[in-house]
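Subject: Handover of a structure for your study

Dear colleague,

Please find below the structure that I was asked to pass on to you.

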Amino acid sequence: MSPTPPLFSLPEARTRFTKSTREALNNKNIKPLLSTFSQVPGSENEKKCTLDQAFRGVLEEEIINHSSCENVLAIISLAIGGVTEGICTASTPFVLLGDVLDCLPLDQCDTIFTFVEKNVATWKSNTFYSAGKNYLLRMCNDLLRRLSKSQNTVFCGRIQLFLARLFPLSEKSGLNLQSQFNLENVTVFNTNEQESTLGQKHTEDREEGMDVEEGEMGDEEAPTTCSIPIDYNLYRKFWSLQDYFRNPVQCYEKISWKTFLKYSEEVLAVFKSYKLDDTQASRKKMEELKTGGEHVYFAKFLTSEKLMDLQLSDSNFRRHILLQYLILFQYLKGQVKFKSSNYVLTDEQSLWIEDTTKSVYQLLSENPPDGERFSKMVEHILNTEENWNSWKNEGCPSFVKESVCFFHHRTSDTKPTRIIRKRTAPEDFLGKGPSKKILMGNEELTRLWNLCPDNMEACKSETREYMPTLEEFFEEAIEQADPENMVENEYKAVNNSNYGWRALRLLARRSPHFFQPTNQQFKSLPEYLENMVIKLAKELPPPSEEIKTGEDEDEEDNDALLKENESPDVRRDKPVTGEQIEVFANKLGEQWKILAPYLEMKDSEIRQIECDSEDMKMRAKQLLVAWQDQEGVHATPENLINALNKSGLSDLAESLTNDNETNS
């Protein structure tokens, strides 16, 4: 009887995996884990679950010992490698990331999240995406709950950008499908008139000077006085509008709409009567640039009464308020799928919104700096937003269009399509008499129309072929490229921009060289065309061969006899052809990098080939094409065979020799 295989022991396996994980961390190599995984007895699922527990145990010890973020990230990197090698479950790296972010303070979470951002391509791969997308979404939401939107604004923005990069555009978990509003965003301001410092005290503040709070105004520059008297009523009405911007549904209620209408007219009247000076705004902008141009962002409006006149004098603050109006109006007028059927504007409301929208755009264009440009940009963005509203109303269909199959089998569900019968053409159009001559009402038109009775045949006629052949078009350029003709560069046809444009079009249609990859760098179009002309000159027959006499035919027969008696050494002196490169590249494959140094390829050229393609056969072909461009007429099979022998690829050298002799 054969000995029974050892049974799986969880404590023993966990101990061995923990020890191997420590060893792999020290060596920064996953090989110890792979070795232990193959040696431990048990099923694959048992070993994977045990290794997952070992990873979490080692990570827990590192966190308790307050290890650096580098050690923690090294464990997570090992887990990623384990998933790739198939020795642990795909969700393990995400579980480890969740444990780390739950245990570490926010400053260290920033470092960990940088690692998460850099590996977004890994998370989007097929191996990790389906297993980890929910973990990553939950992890990011937990982080956002811990962060302060006012103090950690940049970190919150990074998380949102990461989620936007991770999930596709049509991912419904990131969409506000039901058009809900953030009703928690309440703007707090002074609602008690008795505690107000405005009104009666406004004149005294002007005379005695307003107390300056730290962070509200500059120390050196005095506030610009406002020509509009600001009292508590204006202050209250101004900030009360934020409640309508927060919850636009109130505008459909009759009483709330009247309040909104009254407050809006007063606020917009203040904006119209108190215009900002363009020179003052420009001066302020120049001062900001001199001091470093730092932009201070506040997540909430500052609603202090003392800041009211300063805010009215600030162009950016005005833009915020006016833009809120435009967004509100777009929602009220737009068709939203989840909007209640009762939420309908009256004709009077629609007319007021239309007129006010024009006034708001006018105020934006008059608001310095660059008011006109800003106004047009906002209008363009809001028009584009209508497309997103339509897309959401349609149920957020995927942006990937499926290919339409025009030839499909009829099923029981599909209705039979009614055949549309075309009416017969009148006899006058088809023509009369045995020749079916069509009369066009004019002798010349009738003659032209009846040159060919079949229009399709007329279009296919060879006489309509206006594209020249490569020989005809490049004949002049090939003659000019010959050094014996001594044509100066400035008189060459390749330097003519019109000729160059037509040459590129012709090469794209008729020459295989146009789409052939190459590592040569060309600084100008004439330089590229000159290189192409030299290649074409080697392939195209000389002009003397176009007109053949009897003597020429005899010479050809003699040449054929000479070629038959030609030795293999002479054949190998000829340059390699494109077909030979194609065949040999398939054989070379992954060994192209071994051959590259012996073909005198630089490291930068090798790296460029690696960046251009991931397919090994394509890389081999690019290497051979680059060598052909570099060597020119010296790119012969003989030289390639010598390079293969020097690089130790003697089998390929022998194969190339046999192929060359067979082809010859």
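Helices (H or I, at least four residues) and strands (E, at least two) are DSSP runs, numbered from the N terminus. By this definition the protein chain has 31 helices and zero strands. Please note that this is a predicted model, in which local features need pLDDT of at least 70 and side-chain atom pairs count only at pLDDT 80 or more, while totals for chains, interfaces and linings use all residues. Residues are numbered from 1 along each chain as its sequence is written, and side-chain values use heavy atoms, with hydrogens and water left out.

Burial and contacts

A residue is called buried under 20% relative accessible area, exposed over 50%, and partly exposed in between (1.4 Å probe, protein chains only). Of the 664 residues of the protein chain, 33% count as buried. Contact means heavy atoms within 4.5 Å. Among contacts in the protein chain with a separation of 6 or more, 72% are between residues 24 or more positions apart.

Nonpolar cores

In soluble globular proteins, nonpolar side chains tend to be buried together. A nonpolar core is a set of buried Ala, Val, Leu, Ile, Met, Phe, Trp, Tyr and Cys residues joined through side-chain atoms within 4.5 Å. The largest one here has 51 residues, and F55, I76, I112, W123 and F162 have the most contacts inside it. Helix α4 (residues 69-85) provides the largest share of this core, nine residues. A second, separate core has 44 residues, including I230, F245, V249 and Y274. Returning to F162, its contacts, leaving aside neighbours within four places in sequence, are F113, V116, E117, V120, W123, L136 and C140.

Cavities and pockets

Rolling a probe the size of a water molecule over the atoms shows where empty space is left. On a 1 Å grid over the protein atoms alone, a cavity is a set of points where a 1.4 Å probe fits but cannot get out; a pocket is an open set with protein on both sides within 12 Å along at least five of seven lines; and lining residues have an atom within 4 Å of a point. Grid points are joined across faces, edges and corners, and a volume is the space filled by probe spheres set on the points.

The second largest pocket holds about 580 Å³ of space. It is lined by 18 residues, of which H513, K535, K538, E539 and Q628 are the closest to its centre. Two or more lining residues come from each of α23 (525-539) and α29 (616-631), and α23 gives the largest share, five residues. For classes, Ala, Val, Leu, Ile, Met, Phe, Trp, Tyr, Cys and Pro count as nonpolar, Asp, Glu, Lys and Arg as charged, and the others, Gly among them, as polar. The lining of this pocket has six nonpolar, eight polar and four charged residues. Domain bounds come from an automatic or database domain assignment. Domain 3 (470-513 + 525-538) and domain 4 (578-662) each give at least three residues to the lining of the second largest pocket.

There are four cavities of 30 Å³ or more. The largest cavity has a volume of about 70 Å³, and its lining consists of F271, K275, L276, R318, L322, L363, E366 and N367. By class, these are four nonpolar, one polar and three charged residues. Both α15 (315-333) and α16 supply at least two residues of this lining.

Backbone points to examine

Most residues other than glycine have a negative phi, and most peptide bonds are trans. The peptide bond from P368 to P369 is cis, with omega near -10 degrees; P369 is placed in the loop between α16 (347-366) and α17 (371-393). K28, which is not a glycine, has a positive phi of about 55 degrees. K28 is in the loop between α1 (10-27) and α2 (31-39) and counts as exposed at 77% relative accessibility. H66 also has a positive phi, near 55 degrees. H66 is in the loop between α3 (44-64) and α4, and H66 is exposed because its relative accessible area is 70%.

Two further residues

Is K48 buried or exposed? K48, in helix α3, counts as buried because its relative accessibility is 18%. Leaving aside neighbours within four places in sequence, K48 is in contact with F37, G86, I87, C88 and T89.

N495 is in the loop between α21 (470-481) and α22 (497-510) and counts as partly exposed at 39% relative accessibility. N495 and P526 are 31 residues apart along the chain, and their C-alpha atoms are separated by 5.3 Å.

Yours sincerely
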